[in-house]
Amino acid sequence: MKRPGIVKALLIFLFFVLLIPGGLQLYRHRHFDIPVVAGPGVTRVVRLSDFGPGLKKTMADTPVYFLEGKEPGGKAILLSDTHANEPEGLLATLLILENAVVEKGTLIIIPQFNHSASRNTRPGDGYPLYFKISTDWGLKKFRMGNRDASPLDQWPDPDVYIHYPDRQLLSYIDVRNVNRTWPGRPDGPLMEKVTFAAMEIMRREKVDIAVDIHGAETMFPVTNCIVAPEKSIRIATMAALTVKAKEGFDSHVEPSPSGFRGLSHREIGDYSDTLPFLLEAPIPFLDQPTGPKTEKFLLDGKDPFLLSLARKKKLFVPYDASGWPLEKRVGQHCSVTLEILRQYSKKNPERSILVRDVPRYAEIVQNGVGRYFHDPAWADKDKIYLN
Amino acid sequence: MPIIMILYYLITAYLVVLVAWNFIREKKKVEDLAQYLLVLIPLVLRILRIK
């Protein structure tokens, strides 16, 4: 090699050209906050670490919103961003948070349940770092997160994750997946502390219903459904039949497998008196054989490769040129959640949870998701929370 | 930060020093120089707690 000093200087320059712009993008993503305007129903906001002290001053701590009615009744907890790359759940809970008024009972909402994952990225799959929703007052920008917590917050991963307390062997990466670490423990890995704190909320507050909101691939059999264990299955079935008959969309019931541990729809029911439900809406963006993972694809769910697979009957949901847009996914989640609350309230009038001013499927499909978000620039400062 | 995580950061820092030392000592192969720097990128991003 001639003139090694000059060659090395050039290579070091190239190294910083790669490192600095790339690193800055990732740094800004991790520290980007989404302003949430607390709606008329929000009565108090606490932190998850109030129920699990091991989360204090960690990236896994996250706001917990209480919407308490004037009349006492039952209690429900809504979780989203369990997997932070499934944004329909986050948008559904934020929509409820910004608009719902609870007349009877209490709603507890944790919009970014895996807060660390919501600040993690997935550049290996070419995910966009952000996505924007069109509203009446401009574009509202959200972080696109990842399925698992950031290794910056929980590291190293074990060779095999041994689930607590069942000791089932799970994939190493599931140690950072909060939908494998239920019911958690106060002194376990960070994600077990997260699920333990949520279990503490359910036990201390005597929560009746837990709804964990997700999205799933169109090629995955457990999609477009309500997953429920034995104790929740009657209410899930009634909710599925009602939305099908009254609102015209399918969300069938899948039984929660008893031999697969760590999942919310299994462990919440087994380790508390709460009835768990896990909602899945189809998100084509997560499928593997697709075109580029663009922001547009995330929002409209249109992909020519999936369309071709649909014609060959390889998908588990109906799929045509209209794709599977975000409005449908968020609308389904809002309607199914409201229907679960209604069915539970019918069966348990003394523990009923009455919620109004949350749009349902048809309204959201017609008006778009952005219609229901409020402009932080015009909101009272004490109503704005940075998530 | 748990002790095991601190240990992993120390291991990463040790690897950075090793790779950087190899980069400094290499005088013949440009390919090896480039590879040392490519290997350094994720290690540096982790030590700086960026990724």
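In the predicted model, the side chains of Asp300(A) and Lys296(A) form a salt bridge with an N to O distance of 2.7 Å (a side-chain nitrogen of Lys or Arg within 4 Å of a carboxyl oxygen of Asp or Glu). Both residues lie in helix H7 (residues 295-300) of chain A, four residues apart, about one turn of the helix; helices are DSSP runs of H or I of at least four residues and strands are E runs of at least two, numbered from the N terminus. Asp300(A) is buried because its relative accessibility is 14%, whereas Lys296(A) is exposed at 57% (buried, under 20% relative accessible area; exposed, over 50%; partly exposed, in between; 1.4 Å probe, protein chains only). Residues are numbered from 1 along each chain as written, and chains are lettered from A in the order written. Local features need pLDDT of at least 70, side-chain atom pairs count only at pLDDT 80 or more, and totals for chains, interfaces and linings use all residues, while side-chain values use heavy atoms, without hydrogens and water.

Over all chains, the structure holds 27 salt bridges. A network of them links Asp166(A), Glu230(A), Arg261(A), Arg266(A), Glu267(A) and Asp270(A). Asp166(A) is partly exposed at 35%, and Arg261(A) is buried at 12%.

Arg266(A) forms a salt bridge with Glu230(A), also at 3.3 Å. Arg266(A) lies in helix H6 and Glu230(A) in the loop between strand S11 (225-228) and H5, so the pair ties together parts 36 residues apart in sequence. Arg266(A) is buried at 4%, and Glu230(A) is exposed at 55%.
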